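The sequence and structure come first.

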Amino acid sequence: MKKIAVFTSGGDSPGMNACIRAVVRASIHYNIGIAGILRGYKGMINNDFIPLNSKSVSYILNKGGTILGSARSNEFRTSEGRKKAHENLKKNGIEGIVAIGGDGTFTGANIFMKEYPDIAIVGTPGTIDNDLYGTDFTIGYDTAINTAMQAIDKIKDTADSHDRLFFIEVMGRDVGFIAARSGIAAGAKAILIPESKTNINELVKQLKVNASEKKMSNIIVVAEGDDAGGAFEIARKVKDHIDIFDVRVTVLGHMQRGGSPTCMDRVLASRLGVAAVEALRNGEKGIMLGQLHRKISKIPFENAIKHHKKMSAPLEQLAKILAY
Ligand code: F6P
């Protein structure tokens with residue numbers, strides 16, 4: 001393989017830069033030409049390709065976000081859009097691609113490769129949600145749970161001072177991984193996740209017990225995709241049943257997506273970036289590189305997208321035991 005390209009797509013995550021750096025440095029190591037595509041599939045369609053060298057990825061290892069930019073492209077969902085993208089890849093002499101992103105990114109890659117098998121695509125899991133099957137952790141998840149934990153710790157300080165009940169919403173549209181780990185680590189009184197049905201009556205019952213023990217300061221962590229609604233909605237439902245608490249709601253939002261990546265994320269991203277280039281070099285394609293039980297895993301895009309990663313029963317159980 002003479003020349004490859006790298007891009008980031010979908011919601012950004014801390015560690016994407018570390019992964020870009022690893023892809024560039026590995027390409028140089030193996031004597032493969034390397035280009036960057038700006039703003040994901042959008043840049044592929046608009047011919048936004050840039051040359052990359054060792055220096056262009058200096059001092060980015062510790063930076064959040066992505067130097068290549070990220071976007072969601074509706075045009076790439078059309079066959080005309082993908083045709084333009086293919087023409088540009090050919091024009092730029094690209095034979096292989098490392099796509100850093102989440103399920104939307106790999107869904108697009110999968111469709112594209114079926115139409116244009118002359119371009120080999122492999123992926124690395126870049127999303128804070130940790131919702132990709134076939135890898136224990138995704139790039140950015142560790143940083144996000146540490147950010148969320150620190151924010152919850154801070155809110156806990158003020159909650160204790162004022163004897164308040166806080167509902168804190170963390171990201172996780174379809175899954176509760178961020179909520180579960182940050183909630184356990186910050187000692188939440190309850191953790192509400194999409195994976196298990198939220199019972200408002202049960203929650204109210206427990207809060208009444210806490211109130212009877214004069215525990216008025218409580219932290220409830222809510223994953224944004226919880227079946228009973230977001231933090232504001234759940235707070236309102238609880239208030240309808242019990243109105244003795246001084247209630248506040250905080251939505252942590254996009255702060256969870258930024259910041260300098262943790263050591264875990266930097267090393268994971270570096271390892272997977274190099275593995276991705278090696279996979280292309282070995283003629284592999286259509287796979288996501290991940291890490292399972294500390295070893296590199298290779299998961300066909302279809303499986304990474306289709307199979308929903310389940311939260312482990314012990315993690316869910318731990319959250320329940322420790323919560324009340
Ligand atoms: O996929 C990552 C994620 O951060 C989700 O947890 C969240 O629901 C979504 O992206 C937010 O997306 P946007 O940046 O488009 O608001």
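## Basis of the model

Two strands pair if DSSP finds at least two bridges between them. Strands (E, at least two residues) and helices (H or I, at least four) are DSSP runs, numbered from the N terminus.

The model is predicted: local features need pLDDT of at least 70, side-chain atom pairs count only at pLDDT 80 or more, and totals for chains, interfaces and linings use all residues. Residues are numbered from 1 along each chain as its sequence is written, and side-chain values use heavy atoms, with hydrogens and water left out.

## The four-stranded sheet

An open sheet is built from 4 strands in the order E7-E8-E6-E9, with parallel pairing. Strand E7 (190–192) and strand E9 (246–251) are at the edges with a single partner strand each, so one side of each has no neighbour in the sheet. On average, neighbouring strands of this sheet are turned by 20 degrees against each other, direction ignored; the axes are lines fitted to C-alpha atoms.

The pairing of E7 with strand E8 (residues 218–223) is parallel and has 3 bridges. Within it, Ile 191 has Val 221 in E8 as its bridge partner.

Strand E4 (residues 96–101) has 6 of its 6 residues buried, where buried means under 20% relative accessible area with a 1.4 Å probe, protein chains only. One side carries Gly 96, Val 98 and Ile 100, the other Ile 97, Ala 99 and Gly 101, and both faces are covered.

E4 runs parallel to strand E1 (residues 3–8), joined by 5 bridges; Phe 7 stands opposite Ala 99 of E4. Strand E5 (residues 120–125) also pairs with E4 in the parallel sense, over 6 bridges. Here Val 98 has Val 122 in E5 as its bridge partner.

## The largest pocket

A pocket is an open set of points on a 1 Å grid over the protein atoms alone, with protein on both sides within 12 Å along at least five of seven lines; lining residues have an atom within 4 Å of a point. The largest pocket holds about 690 Å³ of space, a volume being the space filled by probe spheres set on the points. It is lined by 31 residues, and Gly 10, Arg 72, Asp 103, Gly 104 and Thr 105 are the closest to its centre.

Helix H4 (103–115) and helix H2 (40–45) each supply at least two lining residues, and H4 gives the most, with 6. Domain 1 (3–140 + 261–306) and domain 2 (142–258) each contribute at least three residues to the lining; the domain bounds come from an automatic or database domain assignment.

Definitions and conventions: 1 Å grid on protein atoms, 1.4 Å probe; cavity = no way out; pocket = protein on both sides within 12 Å on 5 of 7 lines; lining within 4 Å. Axes fitted to C-alpha atoms, helices over the stretch in contact; angles between N-to-C directions. Buried < 20%, exposed > 50% of the residue type's maximum accessible area, 1.4 Å probe, protein only.
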